[in-house]
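Please report on this structure.

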Amino acid sequence: MTKVSKFGMKSLALLMLLLLILPGAANASTQSANFYNVVFQDGADPWIYKHTDGFYYFTKTTGGDVTIWKSSSLTGVDAGTKRVISTGCCNVWAPEIHYINNTWYIYYAKDDGNNDNHRMYVMENTSADPMTGTWVNKGQITDSTNRWAIDGTVLQVNNNLYFIWSGWAGTTNVQQKLYIAHMSNPWTIDSARVEIATPTYSWETNTSPSVNEGPQVIVHNGVISLVYSASGSWTDGYCLGLITANTSSNLLQASSWSKRNQPIFQSGNGLYGPGHHSFTKSPDGTEDWIVYHTAKFAGSGWNREIRAQKFTWKADNTPNLGAPAAPNTPIAIPSGDTGRVRYEGESGVFGGIAYASSSPNGSGGSKAGHIDTTDSYVEFDVYAAAAGDYVMSARTGNGTSGVDWSYFILTVNQTNAGNLYITNKGWENWGASITRLTLHAGWNKIRFSKGEGYGELDSFDLFPA
């Protein structure tokens, strides 16, 4: 195969994108360099890592296993290739994938069906690509106390490895504290655990048990920012706090760590319970991004979705996270991510009893709805310069009474392309149904038809996968 430079690949992708829009197309479309910040319409505890190969490796809590997604696009990770890795059992929480000493590691918490027995475990893969090769169970990772432990992460600094996690001081669920210990290798702790954070402030102690969990570390100009989740994850008060240390300090000394007395990221702009996050870079490496989960709506508890947004830095070299990006205002795509073409739902061709109606939160002020009978649909003509796979991110809504999920039947060129699932968040509370489509070179016809339950379409974005 002829090798193509990165510049050539980017140019090809741009050409494919530009030719998704042709003058006189049946459905109005616009080039777009922004997106609405839902990147997974369902899920919690997101972890994303941008590797030197240019790909993002993503995982989240899936319950009974560890699932990895691989994507060249930060905003299209839900449509990435996927690998499921068995862990045996049970209640697998907050996995993370790390690349340490030229080897892949997955850290995850699991139990035997009893939460009191949650502990941290490690898997290893020596393949260059974690989507291939064998994941080998390296067993439990623990300090000598072997207490309850979840949300483990690894800090690499000054040629040392440290394990940081959320755990219990004793054997009962009174408080979740943050601990650090030194590692002799990626699967072994070789020091005593040191407590570096305990719930103290009102925004950390307003639930029982009181909670410090989900520690994530990012280093900037010699300052280690350990950003953690506080309060009960099942509440709208879930938020992010900060403790800091200098890279030159003794990180196994509790006094080296200083906790801020106010949360640095909390509910706002109509979004609730932002927390359990990870940090990454834009595709071109010039921007810093946070990926986090929120409640799908006020009071939804553990029914959560995953969002992403850019952040900056304060003068003291700690992250300036701001507030959760307003859900009905698009934000700029990550620098170097693929531009896309947007089709408004109301610009489609309708069949059956479906029709366009006004939408106060819609991207164009209107939406495609009333797709309520088996012969109802909305259809679009799109043009692809080249045959291949494309990511479709559809801004969808579902408020079907008594139904957690609904779906559209999706067809491409009169061929069934599967079901496009829509989580139930209530009408006008838009989410993102993301999938991968195979398009022919030239004109393609995409149809959204009535499936199970009811759904509405505000708009959809298309970009090369």
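The report below takes these topics in turn.

## Model confidence

This is a predicted model. Mean pLDDT for the protein chain is 94. A value of 70 or more is reached by 94% of its residues.

Over residues 1-12, pLDDT stays under 50. The model gives that stretch one contact beyond four places in sequence. Residues 21-26 also stay under 50 in pLDDT. For residues 21-26 the model has nine contacts beyond four places in sequence.

## Nonpolar cores

In soluble globular proteins, nonpolar side chains tend to be buried together. Here the largest nonpolar core holds 24 residues. Those with the most contacts inside it are I446, F448, L457, F460 and L462. Strands β26 (340-344), β30 (377-384), β31 (388-397), β32 (405-412), β33 (415-423), β34 (431-439), β35 (442-450) and β36 (456-464) each give two or more residues to this core. The largest share, four residues, is from β30.

## Second largest pocket

The volume of the second largest pocket is about 590 Å³. Its lining has 20 residues, and W47, Y49, V217, I218 and F279 are the closest to the pocket centre. Two or more lining residues come from each of β4 (47-50), β8 (93-100), β12 (149-157), β17 (210-220) and β21 (272-281). β17 gives the largest share, five residues. By type, the lining of this pocket divides into 11 nonpolar, six polar and three charged residues.

## Cavities

Rolling a probe the size of a water molecule over the atoms shows where empty space is left. In this model there are three cavities of 30 Å³ or more. The largest cavity contains about 130 Å³ of space. It is lined by 16 residues, with F35, Y36, S393, A432 and D461 the closest to its centre. β3 (38-40), β26, β31, β34 and β36 each supply at least two lining residues. β36 provides the largest share, four residues. The lining of the largest cavity is made up of eight nonpolar, four polar and four charged residues.

The second largest cavity has a volume of about 70 Å³. Of its 14 lining residues, I141, T142, D143, A149 and W165 lie nearest the centre. At least two lining residues come from each of β10 (119-125) and β13 (160-167). This lining divides into six nonpolar, four polar and four charged residues.

## Two buried strand residues

I48 is found in strand β4. Its relative accessibility is 2%, so I48 counts as buried. Beyond its neighbours within four places in sequence, I48 is in contact with Y56, Y57, F58, L74, S278, F279, T280 and V291. I48 and V77 are 29 residues apart along the chain, and their C-alpha atoms are separated by 9.5 Å.

S210 lies in strand β17. Is S210 buried or exposed? S210 is buried, because its relative accessible area is 8%, and the cut-off for buried is under 20%. Leaving aside neighbours within four places in sequence, S210 is in contact with V174, Q175, Q176, P199, E204 and T205.

Key
Residues are numbered from 1 along each chain as its sequence is written. This is a predicted model: local features need pLDDT of at least 70, side-chain atom pairs count only at pLDDT 80 or more; totals for chains, interfaces and linings use all residues. Side-chain values use heavy atoms; hydrogens and water are left out. On a 1 Å grid over the protein atoms alone, a cavity is a set of points where a 1.4 Å probe fits but cannot get out, and a pocket is an open set with protein on both sides within 12 Å along at least five of seven lines; lining residues have an atom within 4 Å of a point. Grid points are joined across faces, edges and corners, and a volume is the space filled by probe spheres set on the points. Ala, Val, Leu, Ile, Met, Phe, Trp, Tyr, Cys and Pro count as nonpolar, Asp, Glu, Lys and Arg as charged, and the others, Gly among them, as polar. pLDDT is the predictor's confidence in each residue, from 0 to 100. Contact means heavy atoms within 4.5 Å. Buried means under 20% relative accessible area, exposed over 50%, partly exposed in between (1.4 Å probe, protein chains only). A nonpolar core is a set of buried Ala, Val, Leu, Ile, Met, Phe, Trp, Tyr and Cys residues joined through side-chain atoms within 4.5 Å.
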